[in-house]
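Topics are grouped under plain headings.

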Amino acid sequence: MPGTIDLTFALEMIGTVAFALSGAMVAIQKRLDLLGILVLGITTAVGGGMIRDLIIGIHPPMMFVKPVYVVVSAIFILILFLIIKVNHSSPKFLESALYETLFNLMDAIGLGVFTVVGVNSVMNNDMNHMLFLKIFLGVITGVGGGLIRDMMANETPGILRKHVYACASIAGAVCYIILYDWLRSGTAMVLSVILVVVIRVLAKHYEWNLPKAL
Amino acid sequence: MPGTIDLTFALEMIGTVAFALSGAMVAIQKRLDLLGILVLGITTAVGGGMIRDLIIGIHPPMMFVKPVYVVVSAIFILILFLIIKVNHSSPKFLESALYETLFNLMDAIGLGVFTVVGVNSVMNNDMNHMLFLKIFLGVITGVGGGLIRDMMANETPGILRKHVYACASIAGAVCYIILYDWLRSGTAMVLSVILVVVIRVLAKHYEWNLPKAL
Amino acid sequence: MPGTIDLTFALEMIGTVAFALSGAMVAIQKRLDLLGILVLGITTAVGGGMIRDLIIGIHPPMMFVKPVYVVVSAIFILILFLIIKVNHSSPKFLESALYETLFNLMDAIGLGVFTVVGVNSVMNNDMNHMLFLKIFLGVITGVGGGLIRDMMANETPGILRKHVYACASIAGAVCYIILYDWLRSGTAMVLSVILVVVIRVLAKHYEWNLPKAL
């Protein structure tokens, strides 16, 4: 279905931009210069897809072949940079609740989109029957970009410490696999992405966490 | 030999559980919640094998195809979690010498098993004649899980700072390659794993270190 | 052209030694023992090439098959170790401007060589027409070793914070691609490496940085 392919691409672009902005926001908070902001943003945006392609054996990974992911990431990072620069935002803005809420939203959208995109990439090929692979690949694709971002920025990865981060990704992957058989693929994708974002936003708001050992 | 395959699988399970527990123990020490404990434990358990499969070109890596590694890891991590929870262990326990000794033992078993498993995975195919590859692949498979664990937990990797960590892995790989021609494969595996564990336990006890530059 | 292949290999050796020494210098600064120094140095030296091979689908990566990279790295690291040891250098030397200048030079040479080597590895095969891939692959190969070094040593990667680090690599890759059509391949390689080193040395001296957001 060409419609599905277009929607997949549109979703990928949304996730790419969201993750690029989340990486740039971390870099800005770390007081890196424009180059560091671009590098961390782009790495976050393309990291998950690169890991996915290495895992399922696509050489070279898609984002090396199609420049659109890197170019779109760079454009949106530059726009964010200019907005903050032109507004003469106070450094306090970087510590504000609004900044953190925006960051979490970008991160959640990236997580949701890439989880679904990851599942989708083995949906119609000969690995389709492997249920575990589909879920695991979706989760790795979803969390990969943020994991690389946090490790490069020298922070404990969100996947380890943030309210039900990996659970949201697993829920999105399972939701997509179930809905895929019932709805058109495009609707199933969008609903699954929304589920992940809603879980993450609620989890942050209500500080959902699993119990600790001690 | 079916016996060898069964033993390889049994060893893999032992190494998987040991590394899963080592990752979970680090996460518990870092006061992560149950989700963080599961993620770090499972990542440690399957990380080395994933790196190995990416290096020798198995797509997708085995642990994406066979859920048993992740499932067994999760079960043992949950058991550890419950034991600590039910015992109302004091937080001091996490800093105790016993905790550290147990952690080092789990880490040593994982290191030994995955070193041997890594060597073994190219033992009977067309890469068998490459001696250097066999040793290097064994070492990377052995240290990979712990390396990912330490990097995600934001600690200097044990392979850089722990008493003769990489040496133990090299010794195990070489030992297995030599014994393989003399003994049955299963015996050679078990002896090599024991060698690695003994070296690591002695190295920690007697604080074996190589000289420093300054 | 055998001459070109020989020159490529000679350049690779120079870059390998430079990156090995840069990794060893970080490890010495971190007061690691000889084993940690060897591990970090060798990882830095072979890391970029390993990432490149995984990306373009060479299994197993070259440095697992040809021991020369690891062996040469180890020899030069041991020589560095002995020089510092024999000279009874004062610990202050490790914080000195000379040490940092030498480190930056080694890092710049490694960056330049591996950028060019990365571009070169797809110069004459069926991926040659993909301009974006060539540049991106060059940059990843160039920065990969240093990135792994900094992440293992628990430091914010130089690529994020150092004066125009990634820009120097991009400039080198573009320069090589342009010169390749005009000059003999060997001359183009050497000139491009020199360009990267000069940019990095000047950037450090004059503290070139891109603007910050705040």
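**How the chains meet**

Across the interface of chain B and chain A there are zero salt bridges, a salt bridge being a side-chain nitrogen of Lys or Arg within 4 Å of a carboxyl oxygen of Asp or Glu. The model is predicted, so local features need pLDDT of at least 70 and side-chain atom pairs count only at pLDDT 80 or more, while totals for chains, interfaces and linings use all residues. Residues are numbered from 1 along each chain as its sequence is written, chains are lettered from A and ligands numbered from 1 in the order in which they are written, and side-chain values use heavy atoms, with hydrogens and water left out.

**Chain B against chain A**

- In this interface, 31 residues of chain B are in contact with 31 residues of chain A, where contact means heavy atoms within 4.5 Å.
- The two chains bury about 2600 Å² between them, and 74% of this is on carbon and sulfur atoms; buried area is the accessible area (1.4 Å probe) that two parts lose on being put together, summed over both.
- On the chain B side, L35(B), F64(B) and M152(B) lose the most area to chain A, and together they make up 26% of what that side buries.
- Nine residue pairs, both residues at pLDDT 80 or more, are in polar contact between chain B and chain A. A polar contact is a pair of N or O atoms within 3.5 Å; within protein, one must be able to donate a hydrogen and the other to accept it, and residues adjacent in sequence count only if both atoms are side-chain atoms.
- Helix 2 (34–56), helix 3 (62–65), helix 4 (68–86) and helix 6 (131–152) of chain B each supply at least two residues of the side that touches chain A. Helices (H or I, at least four residues) and strands (E, at least two) are DSSP runs, numbered from the N terminus.
- Helix 2 of chain B gives the largest share of that side, eight residues.
- By class, the side of chain B that touches chain A has 22 nonpolar, five polar and four charged residues. Ala, Val, Leu, Ile, Met, Phe, Trp, Tyr, Cys and Pro count as nonpolar, Asp, Glu, Lys and Arg as charged, and the others, Gly among them, as polar.

**Chain B against chain C**

- This contact takes 31 residues from chain B and 31 residues from chain C.
- The area buried between chain B and chain C is about 2600 Å², with carbon and sulfur atoms giving 75%.
- Between chain B and chain C there are zero salt bridges and eight residue pairs in polar contact, both residues at pLDDT 80 or more.
- Helix 2, helix 6, helix 7 and helix 8 (165–180) of chain B each supply at least two residues of the side that touches chain C.
- Helix 6 of chain B contributes the largest share of that side, seven residues.
- The residues of the side of chain B that touches chain C are 23 nonpolar, five polar and three charged.

**Relation between the copies**

- A rotation of 120° with 0.0 Å of shift along its axis superposes chain B on chain A, with an RMSD of 0.0 Å. The two copies are therefore related as by a three-fold rotation axis. Copies are superposed by least squares on the C-alpha atoms of residues with pLDDT of at least 70 in both.
- Chain B is superposed on chain C by a rotation of 120° with 0.0 Å of shift along its axis (RMSD 0.0 Å).
- Only 13% of the interface residues of chain B are also interface residues in chain A, so these copies meet through different surfaces.

**Record annotations on chain A**

- An unreviewed UniProt entry gives the annotation "domain: Glycine transporter" for residues 10–83 and 105–180 of chain A. UniProt positions are given in the numbering used here, feature names are shortened, and annotations may be inferred rather than shown by experiment.
- Residues 10–83 of chain A are 85% helix and 0% strand, with end C-alpha atoms 24 Å apart.
- Residues 105–180 of chain A are 76% helix and 0% strand, with end C-alpha atoms 25 Å apart.
- UniProt (unreviewed entry) also places the feature "transmembrane region" at several spans of chain A, including residues 98–119 and 163–180.
- Residues 98–119 of chain A are 100% helix and 0% strand, and the end C-alpha atoms are 32 Å apart.

**Local features**

- Over all chains, the count comes to 15 salt bridges.
- One of the pairs is E155(B) with K30(B), whose closest N and O atoms are 3.6 Å apart. This pair links distant parts of the chain, 125 residues apart: E155(B) is in the loop between helix 6 and helix 7 (158–161) of chain B, and K30(B) is in the loop between helix 1 (2–29) and helix 2 of chain B.
- The peptide bond from H59(A) to P60(A) is cis, with omega near -10°, and P60(A) is in the loop between helix 2 (34–56) and helix 3 (62–65) of chain A.
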